[in-house]
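Visitor: I would like to learn how to read strands and helices in a model like this one. Please take me through some examples.

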Amino acid sequence: MDLCHPALHPRIHCDKVSADAYDVTNLVSADLRVRARGFRAEYFIKPPVNVILSFPFHIHIHRIDIDPCVGSNVSLGLQILTHSAASIENWLVDNKPGSTSASFNSTINPEIFHLVGRAFLEERQFLCFKNNRYSSRHPFVGKDFLPGTLEGNVYETNLWQKSLASLSKVSHLMVRIVRTQSASIPVLRSIRVYGQPSAACHKDVISLVYRISQHLKPPPVEDAPSSVQSPPCKEEEVQDAARNMLQDPSEETPRIPLEYLDEITLELMALPMMLPSGHSVDQLTLDKHSQSEEVWGRPPSDPFTGVPYTRHSYPIPNTALKVRIDKFLLQEGKHLSNVGRTVGRRTRLVAQNSTIANQNMSHSETSHTLQTPSTSNTVHSTARQVSKRCIKSSDSASMSNHAPKVSEVNASQCTQDSSSENLTKRCSDVHLCDLSESCRKRPKITDETHKPYSRSHEEALSQSLDAALARTLGSIPTFKRRRKEPAVGQVAASSLVNEHDNRLHINKGIHGNMTPTAGPSGISCCRCNSPAAQNSCNLLQLPCQHLMCRRCLLQVQQERTLVCSLCQKNFQTGDVVTVHL
Amino acid sequence: MASMQKRLQKELLALQKDPPPGVRVDEASVTKSLSTWQVDMDGAPGTLFEGEKFQLLFKFGPRYPFDSPQVVFTGPNIPVHPHVYSNGHICLSILTEDWSPALSVQSVCLSIISMLSSCKEKKRPPDNNFYVRTCSKNPKKTKWWYHDDSV
């Protein structure tokens, strides 16, 4: 069994200063997230570093697993030393668990330890020290008490039995880091000591340990020692630890690559925007910056250069970075909490702490979402993932043939659900197209399938979709103008759909946005009344929203009578905008 | 708030690890509260302020880095400079309206050192006596009028 398990309250102590949030007690912490961080010495510490584990009873060591890599830091040279104190204070029995170990351990002289194992690594490897003479005794027999097999790049070595007690009656175990990779800081990601209480232990102790071990039988899936076993501690304890972590000002999320962090706020970017100056920052940061610029009466500007945005230089969504951040979040997301995100689900994270079962589920779900091929447009691919799941849960088999199409419906449905104020028009356009084109049952089905999933993801997704679309389309003047007149837009869209049934429906959605005037007769020039289809030349939009074909416009221009033939309003040649069909 | 702390922590670390010449963060002042820093500063060699030592007091509001920090000279020695009032207030545009979230404590320190270094004559601002009697404690509440680009 794992003798470093927090339930057994092993004490740990290090003779050197450890970095903030990477204290040596992380290695035996009951909080999974804290535990996953591991131990890292302060950056100026050089080897040797002694990490001393003391156990509440004598132990018989079977195997010691050590992961010596934290981030880019690797400890390459490690020694294992043991000490067998004649009498030890059993804090398990005395019922004083979890007290600080410093005073207790500082009295131990490193001289009294015996060297029992040594390893020098050449590269990043998982370390495994084995005791070949180990045999399990009653009641610690059976598969449950054996450590799982190790996978991956493992460096195995044997432990030496110098004296009778040096492996089979150990009270203190010292891991000494004697060498690190060049310029690396001494680190330890995790220590696992497998074994059983020593034969010399009192019967009561053995039975107590056995009882504890029965409580923390690992779940069947989590056999591999590399995966973090979850402690059976009470939920309050976990919440307490989580709260402490939130309050801890030195809390870091070391796994997030720097390029995913906003340069100004140092938070993970939810919607990275590329500035004219080349920096990428979050949309939220830009909004806040624009607000504070407004206080001084200035237009929104690039925070790095102070140059105001113009028609040609303004922040654009950094989709490539967004793709990478989303991929990272989907892979690592379960370790990250309280970061802004548009993928992965927050509720899942909360549930993860309480039960192991939930954790396993989230594991499989995450891997499921990753199976779907990622396309360059993440927003789209995420939408597709959602839709694929929706299809699975819904019973209509016929729909699965049109997966990409359905995803569009879902995307629009999501956006609509969020009832985002300024873009509902656009949604309804897309929606209308889909409706008129195919079955009318779909919206109902998607509504139902929304239920099993938490809202947060869909909302976040739709917001990200909205924002991205608004930003891209916002640069097109016709789009902005059209937002003021939603009613006409819908008519336009539906009539368009009727006309061009063969076109891809997504294109229609955009056309619906951009085609301003359309009576029941379709789109035509307001002067010569020739419809767009017959007229091979482009249609142009006048400031009064009416259309005129290029030929008529040129005539009008030559006659110097720049007047709309429908409403008789004057216009300037510069105000005319091309409409693409 | 969390974002402000994260940012300040990073800046503190960077300033401790790799400070600009003549700038030191008083770590004792930071351990009490992350939102108030005291920074020790040396006059740059070869300038009128060579050999002098100053202290700057930074106070960060909850909206930092979107809002500029309050920066004043403090301690026994306040530089005699046409843009520094005798109560420690500094007339520097990046501390109020020209602040940008891309600026940091380090860049503010560098700007102040550069402001001191380019001084040609040690004298107080012309309205020093009046300003010191009437001003608010918070220099950000003053409506500064930035008129001199040369120093």
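Guide: This is a predicted model. Strand β5 (residues 73-83) of chain A is joined to β9(A) by eight bridges, and the two run antiparallel. One such pairing sets S75(A) against its bridge partner T180(A) in β9(A).

Visitor: How many bridges join strand β3 of chain A to β9(A)?

Guide: Seven bridges do so, and strand β3 (residues 49-67) of chain A is antiparallel to β9(A). Here I52(A) is the residue opposite M174(A) of β9(A).

Visitor: Why is strand β9 of chain A said to be largely enclosed?

Guide: A residue counts as buried if 20 or more other C-beta atoms lie within 10 Å of its own. In strand β9 (residues 170-180) of chain A, nine of the eleven residues are buried, so the rest of the structure largely encloses the strand.

Visitor: Now a helix. What should the 16 residues of helix α1 of chain B span?

Guide: At 1.5 Å a residue, helix α1 (residues 2-17) of chain B should span 22 Å; its end C-alpha atoms lie 23 Å apart, which agrees.

Visitor: Which residues of α1(B) are buried?

Guide: As a general idea, an α-helix has 3.6 residues a turn, so residues three or four places apart point the same way. In α1(B), the buried residues are S3(B), M4(B), R7(B), L8(B) and L15(B). Viewed down the axis of α1(B), they fall within an arc of 125°, so they line one face of the helix. Their cover includes β1 (23-26) and α3 (105-117) of chain B.

Visitor: What does the face of α1(B) turned away from its buried side carry?

Guide: That face carries the exposed residues A2(B), L13(B), Q16(B) and K17(B).

Key: Residues are numbered from 1 along each chain as its sequence is written. Chains are lettered from A and ligands numbered from 1 in the order in which they are written. This is a predicted model: local features need pLDDT of at least 70, side-chain atom pairs count only at pLDDT 80 or more; totals for chains, interfaces and linings use all residues. Helices (H or I, at least four residues) and strands (E, at least two) are DSSP runs, numbered from the N terminus. The expected span of a helix is 1.5 Å times one less than its number of residues. A residue is buried if 20 or more other C-beta atoms lie within 10 Å of its own, exposed if 12 or fewer, and partly exposed in between; C-beta atoms are placed from the backbone. The arc is that of the directions from the helix axis to the C-beta atoms. Two residues are in contact if their C-beta atoms, placed from the backbone, lie within 7 Å. Two strands pair if DSSP finds at least two bridges between them.
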